[in-house]
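Dear colleague,

Below it you will find what turned up, written out step by step.

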Amino acid sequence: MSTAMNFSAKSFKPRPPDKGAFPLDHFGECSAFKERFMECLRDSGYESGACRQRAMAYLQCRMDRQLMANEPLEKLGFKDLVDEKPEGKPEELDFSAKVDFPKISRLLKIHKNILPRRKQLLPEVFFMSLHQCEWCR
Amino acid sequence: MSYAAVPLYRLYCQTTGLGGTTGTGHSSEQIERMEPVRERVIRVTFNADVHSSLQWNFRPQQSEIYVVPGETALAFYKAKNPTDKPIIGISTYNVIPFEAGQYFNKIQCFCFEEQRLNPQEEVDMPVFFYIDPEFVEDPKMAKVDLITLSYTFFEAKEGQKLPLPGYQ
């Protein structure tokens, strides 16, 4: 503990956090965002820099639910992520979108890389285009 | 001073936003302007303790995280109250090596403020921090590539004097 004295007689002086304490997330409203962030950390070998997008999403969740004072994300050190344009940036496949690509892929036995990388895909358009694919049948 | 000073600190933090920090001001502008120093990767490890009188389960959700100075980072602890009565805890923290503590800036966390857990309740406790880029300019820090952040929770009781260094 910090009450231990060392020979230089200096002791660590803890400082309160700059913006105070986080209110507790009693209802787990942002637990899903936390889980996604932790999953990223585990997958990246605990490299903080690889998971900043998800960290930002977690903090945004807190701000949206009054669990954190609203602050522009630039002032929280996410300026570079905010400046990036949403289009043109290569996105990971978002499996939470309306169309469940992996499930369809498994059902139709089509390799998932062939499926279009678009955020939204009308299911009927998808199946129509599939109909025209000769080798898909 | 007893731990009663902590609520005063909390009020001070929230009204002024300064947090009573000494040395360089850690303002939002500084955070917005700072650039990550990618050459200096620091391993931050996490420790969690509870005082013997506090019946909480308290642990970090990651044992370590690799950060660079000048880039904000998020980490989590988890606390559970396994008893059948509500318990209020309050925490302080420690940074090792202590000379690195002046560069370890917590933007927001869960310390120095009473936290109440209801019976059987379990919560995530985030720590949002960064290592000041000036860390790399300090010759005493040249060989430091491991920083340990250690939180300790105490039970908050009326009139109890807690050994919170810096407030005495």
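**A charged pair between the chains**

The side chains of A:Arg52 and B:Glu71 come together in a salt bridge, with 3.9 Å from N to O. Because A:Arg52 belongs to helix 2 (residues 52-64) of chain A, while B:Glu71 sits in the loop between strand 3 and strand 4 (73-80) of chain B, this pair joins two chains. Please keep in mind while reading that this is a predicted model. Another salt bridge is formed by A:Lys75 with B:Glu29, where the closest N and O atoms are 3.6 Å apart. Between chain B and chain A the count is four salt bridges, and over all chains the count by this rule comes to 12.

**The interface as a whole**

How many residues does each chain bring to the contact? Chain B gives 56 residues and chain A gives 42 residues. The size of an interface is often given as the accessible area lost when the parts come together. Here the area buried between chain B and chain A is about 4500 Å², and carbon and sulfur atoms give 58% of that area. Of the area that chain B buries against chain A, B:Glu32, B:Phe98 and B:Gln108 supply 15%, which is more than any other three residues. The rule also finds 20 residue pairs in polar contact across the interface of chain B and chain A, with both residues at pLDDT 80 or more. Sorted by class, the side of chain B that touches chain A has 29 nonpolar, 17 polar and 10 charged residues.

**The five-stranded sheet of chain B**

Five strands of chain B form an open sheet in the order 3-1-9-5-7, and their pairing is mixed. Strand 3 (64-67) and strand 7 (115-117) of chain B stand at the edges, and each has a single partner strand, so one side of each is left without a neighbour in the sheet. On average, and with direction ignored, neighbouring strands of this sheet are turned by 30 degrees against each other.

If you go through the sheet pair by pair, you can check the following partners. Strand 1 (residues 42-50) of chain B pairs with strand 3 of chain B in the antiparallel sense over four bridges, and the bridge partner of B:Arg43 in strand 3 is B:Tyr66. Strand 1 of chain B is also joined by eight bridges to strand 9 (residues 146-155) of chain B, and these two run parallel; in this strand 9, B:Leu149 stands opposite B:Phe46. Strand 5 (residues 87-96) of chain B runs antiparallel to strand 7 of chain B and is joined to it by three bridges, with B:Arg116 in strand 7 as the bridge partner of B:Ile88.

**The four-stranded sheet of chain B**

Four strands of chain B form an open sheet in the order 2-4-8-6, and here the pairing is antiparallel. Which strands stand at the edges of this sheet? They are strand 2 (57-60) and strand 6 (104-108) of chain B, each with a single partner strand, so one side of each is left without a neighbour in the sheet. Strand 2 and strand 4 of chain B run antiparallel and are joined by four bridges, and B:Lys78 in strand 4 is the bridge partner of B:Arg59.

**Two details of the backbone**

The peptide bond from B:Ile96 to B:Pro97 is cis, with omega near 0 degrees, and B:Pro97 lies in the loop between strand 5 and strand 6 of chain B. In chain A, A:Tyr46 has a positive phi of about 65 degrees although it is not a glycine, and A:Tyr46 lies in the loop between helix 1 and helix 2 of chain A.

With kind regards

Key:
Residues numbered from 1 in each chain as written. Chains lettered and ligands numbered in written order. Predicted model: local features only at pLDDT ≥ 70, side-chain atom pairs only at ≥ 80, totals over all residues. Heavy atoms only, no water. Contact = heavy atoms within 4.5 Å. Buried area = accessible area lost by both parts, 1.4 Å probe. Polar contact = N/O pair within 3.5 Å; in protein donor to acceptor, adjacent residues only side chain to side chain. Nonpolar A, V, L, I, M, F, W, Y, C, P; charged D, E, K, R; others polar. Pairing = 2+ DSSP bridges. Axes fitted to C-alpha atoms, helices over the stretch in contact; angles between N-to-C directions.
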